[in-house]
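Me: I'm new to this one. Can you walk me through how the pieces pack together?

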Amino acid sequence: MKFIDFFAGVGGFRRGMELAGHECVGFCEFDKFATASYTSMHLLTQEQREFLDKMPLKQRQKEILKEEYRNGEWYANDIRRVYAGDIPKADCWCFGFPCQDISVAGKQAGFQGNRSSLFFRVMYLVGQLKEEDKPTYLFIENVKNLLSVNGGWDFARLLIEMERGGYDAEWQVLNSKDFGVPQNRERCFIIGHLRGRGSAEVFPVERADREDSIQIIGHRDGYRRNTQVFAQDGITEALSTCQGGGREHHVALPCFIDLCREGSKMTEQARCLKARYYKGASNHAGQDSGQEIANTLDTSCNQGIFVQVSEELVVYAVWYEKYQCYIAIRKLTPKECFRLQGWTDDYFEKAEFVNSDSQLYKQAGNGVTVTVIEAMARKLGQHRKEEQR
């Protein structure tokens, strides 16, 4: 099934649809930094990437926006300037229209806001097409608050607008944590079926088995979890577009350390930073690793330590008696934010190739979760095949 990716961001809809076997024939995205990531993640050839790699980042960001790097795929940067007749024919239009006017974190102006009203621009374009050229499906995403903003009247307006365009609608609220990623992210998904062409229901979409994404791997108290991103209960809060600020991009990281008791004292064997980070506190060498470690803890276990999690990452941790482990509150890395949205690291690295950390945080928070889209896209594809028989 062919689809168009509107309000594309970095292509979460695209990736989920492609994993389910569908084909993208074009995209529309206003933000130049997101467009750069999208192009790098989905459209560049290896030869083009090697050529761009020779340039400084700022020059690369500008260069990649040239048409030649999209390799013939249809693109528009502003949906308000798109003519319906220029859009490639597709079976499905995918779009998560801007949510800032609808989200509980915003002013909740609803469809009175300039950005969220772009939904009506999409429906206008649909209305400009001949019946045989209209997409069979509209695949829509927005925040859960879409159902209740302005007393529910805005959602009623959305349904009325879809009905006027010839589409029957079904919807469901899905949470990313139920689809293989440790993020508590509830979103409303809507499928519009063009009457006379697409009638099979896609919803309900059953949630995935969470045991696949949060697996206990054998800590004595059961608090260690085998996830790529750690949180105290295994699930992070929803990512936002705050570009790294606020608690949405921070995580409680359990730092599990082998402990041995010596009388009333506990000695920890974690790899830690050198004494200068302890403001003069004494330290001693670890017998096993040879790395310098923190001084012996007192019985209150309230002394903080610096734990070297990896070569690039050092975190400050304090002991939590309740969980019998050290807990460090730290900022998520951009790569971890992309992981929380269902992206594999190779796709993140392609986005990182053309963008700063601040833009990568924003892009992760703005996006849809790939695994959630994939689950719906697979079911949508199954029903499409049934309807064509």
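Reply: Let's go through the nonpolar cores and then some helix contacts.

Me: Before that, what kind of model is it?
Reply: It's a predicted model, where local features need pLDDT of at least 70, side-chain atom pairs count only at pLDDT 80 or more, and totals for chains, interfaces and linings use all residues. Residues are numbered from 1 along each chain as its sequence is written, and side-chain values use heavy atoms, with hydrogens and water left out.

Me: OK, how many residues does the largest nonpolar core have?
Reply: The largest nonpolar core has 33 residues. A nonpolar core here is a set of buried Ala, Val, Leu, Ile, Met, Phe, Trp, Tyr and Cys residues joined through side-chain atoms within 4.5 Å; buried means under 20% relative accessible area, with a 1.4 Å probe and protein chains only. F6, W93, F95, F119, L138 and M162 have the most contacts inside this core.

Me: Which element gives the largest share?
Reply: That's α5, with seven residues. Helices are DSSP runs of H or I with at least four residues, strands are runs of E with at least two, and both are numbered from the N terminus.

Me: And is there a second core? What's in it?
Reply: There's a separate core of 27 residues, and L43, C94, V202 and I373 are among them.

Me: Back to α5: how many of its residues are buried?
Reply: Seven of its ten, so α5 is mostly covered by the cut-off for buried. The buried ones are L118, F119, F120, V122, M123, L125 and V126. Their cover includes β4, β5, α6 and β6.

Me: How do α5 and α6 cross?
Reply: At roughly 10°, and their axes come within 10 Å. Axes are lines fitted to C-alpha atoms, for helices over the stretch in contact, and angles run from 0 to 180 degrees between N-to-C directions. That makes α5 roughly parallel to α6; angles under 35 degrees count as roughly parallel, over 145 as roughly antiparallel, 65 to 115 as roughly perpendicular and the rest as oblique.

Me: Which residues make that contact?
Reply: F119, F120 and M123 of α5 with R157, L158, E161 and M162 of α6, where contact means heavy atoms within 4.5 Å.

Me: Switching topic: at what angle do α2 and α8 pack?
Reply: About 135°, with axes 8 Å apart, so α2 and α8 are oblique to each other.

Me: Who meets whom there?
Reply: S37, S40, M41 and H42 in α2 meet Y347, K350 and A351 in α8.

Key:
Buried < 20%, exposed > 50% of the residue type's maximum accessible area, 1.4 Å probe, protein only.
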